[in-house]
Amino acid sequence: MSNRTISLTDNLYRYVLDVSLREPDVLRRLRKETSRHPESKMQIAPDQGQFMAFLTRLASVRKAIEVGVFTGYSSLAVALALPDNGRLVACDVNEEYTDIARRYWCQAGVEHKIDLRIAPAIETLDDLLRGGEADSFDMGFIDADKVGYNSYYERLLRLMRPGGLILIDNALRGGDVADPSVSNKGTVAIRQLNAKLHTDQRIDLALVPIGDGLMMALKR
Ligand code: CA
């Protein structure tokens with residue numbers, strides 16, 4: 001036993017899923033379809049989806065926003081956990097991917113909760129701010145182009161109510177953040193954002209090693 005976070009072997013990770021994953025059939029089918037997609041690594045892990053749905057319920061989220069939809073696994077997991085009058089603004093630029101997402105949102109009967117915006121996310125976030133929606137969102141999730149993360153974070157922070165939760169994916173970049181020999185733009189951007197959040201007095205934070213690392217920022 002030690003006072004550090006446990007490392008998950010493949011065997012132990014399988015155990016985690018075996019004893020805790022309650023994946024609805026529609027999510028399982030979406031994950032299966034997406035696994036055949038050339039960009040399938042962009043999909044979040046099923047236990048992370050369940051964790052995000054859990055947080056949605058824990059925080060009684062009614063109004064959420066997602067930057068980076070891909071084929072819609074995380075948006076569907078969150079939408080299923082939203083109340084019937086809840087709303088998820090989903091931002092993406094790729095209609096080919098989001099057509100898959102929409103098909104599953106409809107199958108799950110949650111499409112009325114999801115407001116898909118096909119445009120560069122910065123434009124959508126600025127539209128929301130201009131439309132008077134600052135300080136009104138309960139939760140946000142960033143999982144898009146890594147170089148854009150800081151701009152998305154700054155806007156989401158304004159859109160969140162005090163106590164609103166921002167989740168930032170890929171905070172560990174497969175371990176690359178801690179390897180000084182890795183200096184690609186995406187990894188540098190994540191390293192800089194992680195360092196910034198560490199001392200950002202506008203938030204409380206936790207970096208949770210689930211999936212590829214989930215940075216959680218709670219707006220003060
Ligand atoms: Ca991701």
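**Exercise 1. At what angle do helix α2 (residues 25-35) and helix α5 (residues 95-108) pack, and how far apart are their axes?**

Before we start, a word on the model: it is predicted, local features need pLDDT of at least 70, side-chain atom pairs count only at pLDDT 80 or more, and totals for chains, interfaces and linings use all residues. Residues are numbered from 1 along each chain as its sequence is written, and side-chain values use heavy atoms, with hydrogens and water left out.

*Solution.* 
- Step 1: Find the helices, which are DSSP runs of H or I with at least four residues, numbered from the N terminus, as strands are runs of E with at least two.
- Step 2: For α2 and α5 the angle is about 165 degrees, with the axes 10 Å apart.
- Step 3: List the contacts, meaning heavy atoms within 4.5 Å. Val26, Arg29, Leu30 and Glu33 in α2 meet Ile100, Arg103, Tyr104, Gln107 and Ala108 in α5.

**Exercise 2. Describe how α2 packs against α4.**

*Solution.* 
- Step 1: The two helices pack at an angle of about 175 degrees, and their axes lie 10 Å apart. α2 is therefore roughly antiparallel to α4.
- Step 2: On the α2 side, Val26, Leu27, Leu30 and Arg31 take part, meeting Tyr73, Leu76, Ala77 and Leu80 of α4.

**Exercise 3. Is Thr71 buried or exposed, and which residues does Thr71 touch?**

*Solution.* 
- Step 1: Locate Thr71 in the loop between β1 and α4 (73-81).
- Step 2: Its relative accessible area is 2%, so Thr71 is buried. The cut-offs are under 20% for buried and over 50% for exposed, with partly exposed in between (1.4 Å probe, protein chains only).
- Step 3: Leaving out residues up to four places away in sequence, Thr71 touches Leu30, Thr34, Gln43, Tyr97, Ile100 and Ala101.
- Step 4: Compare with Arg103 in helix α5, which is partly exposed at a relative accessible area of 39%.

**Exercise 4. In what order do the strands of the sheet stand, and which strands stand at the edges?**

*Solution.* 
- Step 1: Trace the seven strands of this open sheet in the order β3-β2-β1-β4-β5-β7-β6, with mixed pairing. Strands pair if DSSP finds at least two bridges between them.
- Step 2: β3 (114-118) and β6 (203-208) are at the edges with a single partner strand each, so one side of each has no neighbour in the sheet.
- Step 3: For a parallel pair, look at β1 (residues 63-67) and β4 (residues 137-142), joined over four bridges; Ile65 has Gly140 as its bridge partner in β4.
- Step 4: For an antiparallel pair, turn to β6 and β7 (residues 214-219), joined by six bridges. Here Asp204 is partnered by Leu218 in β7.

**Exercise 5. Where is Leu156, and which residues does Leu156 touch?**

*Solution.* 
- Step 1: Leu156 is in helix α7 (residues 149-159).
- Step 2: With 0% relative accessibility, Leu156 counts as buried.
- Step 3: Not counting residues up to four places away in sequence, Leu156 touches Ile65, Leu125, Gly140, Phe141, Ile142 and Ile166.

Definitions and conventions. Axes fitted to C-alpha atoms, helices over the stretch in contact; angles between N-to-C directions. Parallel < 35°, antiparallel > 145°, perpendicular 65-115°, else oblique.
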